Amino acid sequence: MKTILKNGKFYVEKNVFKEAVLIEDDIIKQVGSHEEILKNSADKIIDLDGKTVIPGLNDSHMHISLVGDAMTSCNLTFAKSIDEIISIGKNFIRLNPGLKALKGRGWNQDNFQEGEKRNLNRFDLDKISTDIPVVFERVCSHIVSGNTKALEVLGVDENTFVDGGVVELGPDGKPNGVFNENATRLIKEAIPKKEIQDKENEFLKAVSYAVSMGLTSIQSCDILESDFQIMFDLISSIYKNKKTKLRYSHQFNFQKIEDFEKYLDTEFKTGVYDEKYLSRGALKLFKDGSLGGRTALMINPYFDAPDTKGVAALSDEQLNNLCDLASKNNIRVVTHAIGDGAVESVINAYEKTMKGLKNPLRHGIVHCQITSMEQLRRIANLNIPVMYQPIFLDCDLKVVESRVGKELASTSYAFNTLKNLGAAISFGTDSPVEDLNPFNNIYCAVTRQGMDLKPEGGFNPVEKMDVCDCVDAYTIGSAFNEFKEFSKGRIKEGFLADLVVIDRDIFTVDHNEIKDIRAEKTMIGGEFVFERS
């Protein structure tokens, strides 16, 4: 099957554009002018009416199964107070009679405009229900709150201990219903497990949304439980039966080395991956938590909470052991590190595994938010790829200076500096922490502003990125993490025919309009899998 796409503005590389493309089956065969391309015969010729076309976008870190789960959960994203959260929860129960438990996500105390600005506790959630478990997850997913019924179901008391996590105690010495880091997995167990078919339906619903936003590849962390084989088998079945063409690369999380060893003895040996649509991927670790929840691990105490430096979800020894075992098995590692203390620990762990080499397995850092200049230089020197989420600025720019101080904030979220130092950077959204919309993400990187267009001139404007560099980070940059930079991420001869036709020219519109851009058509493997009506 030969297809010609003509009369487009095809982005080839920085400041280089072409008019037409010849595609044969799933590969781009030729890129050039109308005259050059139309010399070829084709089964189909499609006129793009002058639209701009970019390579298929590749989210370098997200949780697609949790996106689907969030679509069926109680949405707390826009709540402006604890009282509003209680009202939303009560209303959800009223509209969904017969619930055995209530799950919600998206609350953020930094966005509260009335009442107290604090984490939800069990006493708040008891006002929603004392009959069924209520489990509400903060937007970052690193703090989860449960009501008294949820604690009772799990038998949680003041003696409950979770390695790498905290079960908070109130003034009375009893659990107050607030769980962070590894302890969040415990409180989530109060929610009954979903049927496999429900999980598949949610996964496919989220995949359809991703494709509609111009994503053609995702690197997704959906293995988060000790009974990991269920999710591996579900995703494998989806791709074996060709239920989606969205390219998927695993980021499987094992915080306990015994679970990782079990993976090495099972899925690692027996899993089937074509490395085209379904890829084996990387070990995903969590070193710390979130800035908003003050669980990001800092070298020095928080400016606005001098009694804490955050939470280590893994000790340095545990992190080193996991990285060593992965490296011995030639498995790439990507580690969640937000605070400068976590970033320091991860750099040190990776450097030890390299044994004098320059990161041959491309171990990477996810988020890498709070950083010093010395750390940025070490990251670049050691060739450590960084998976950034510029959309985090929308919320964090309001609190970062109060959390870590102006000096450290000035070298944080340093996307442009790290790129200029020569490091490999890529973009993702950590969805459902943020919406997986890639254009909001690019907008924040280019303007250094939140979605409200503030602050004027941008936060630390020296870190503003060029639009071409942002598109590259979302395409060829993300492909680099997967060792696939020679097969996808460009509109060039020999590359996979993954591309996105967008509704306005991202390279020339006013930067404030970037967030309003949408995909008109999404092509994966030479086939348009989405067309906006």
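Me: A polar contact is a pair of N or O atoms within 3.5 Å, where, within protein, one must be able to donate a hydrogen and the other to accept it, and residues adjacent in sequence count only if both atoms are side-chain atoms. Which backbone oxygen does the side chain of Gln449 reach at 2.9 Å?

Reply: This is a predicted model, in which local features need pLDDT of at least 70 and side-chain atom pairs pLDDT 80 or more, while totals for chains, interfaces and linings use all residues. Residues are numbered from 1 along each chain as its sequence is written, and side-chain values use heavy atoms, without hydrogens and water. A polar atom of the Gln449 side chain lies 3.0 Å from the backbone oxygen of Pro455, and at 2.9 Å the side chain reaches the backbone oxygen of Leu453.

Me: Is Gln449 buried or exposed?

Reply: Buried means under 20% relative accessible area, exposed over 50% and partly exposed in between, with a 1.4 Å probe and protein chains only. Because its relative accessibility is 9%, Gln449 counts as buried.

Me: How many disulfides are counted?

Reply: A disulfide is a pair of cysteine sulfur atoms within 2.5 Å. The sulfur of Cys221, a buried residue at 0% relative accessibility, has its closest cysteine sulfur in Cys323, and the 15 Å between them is too far for a bond. Cys468, buried at 5% relative accessible area, has its closest cysteine sulfur in Cys470, again too far for a bond because the separation is 9.3 Å. By this rule, the count of disulfides comes to zero.
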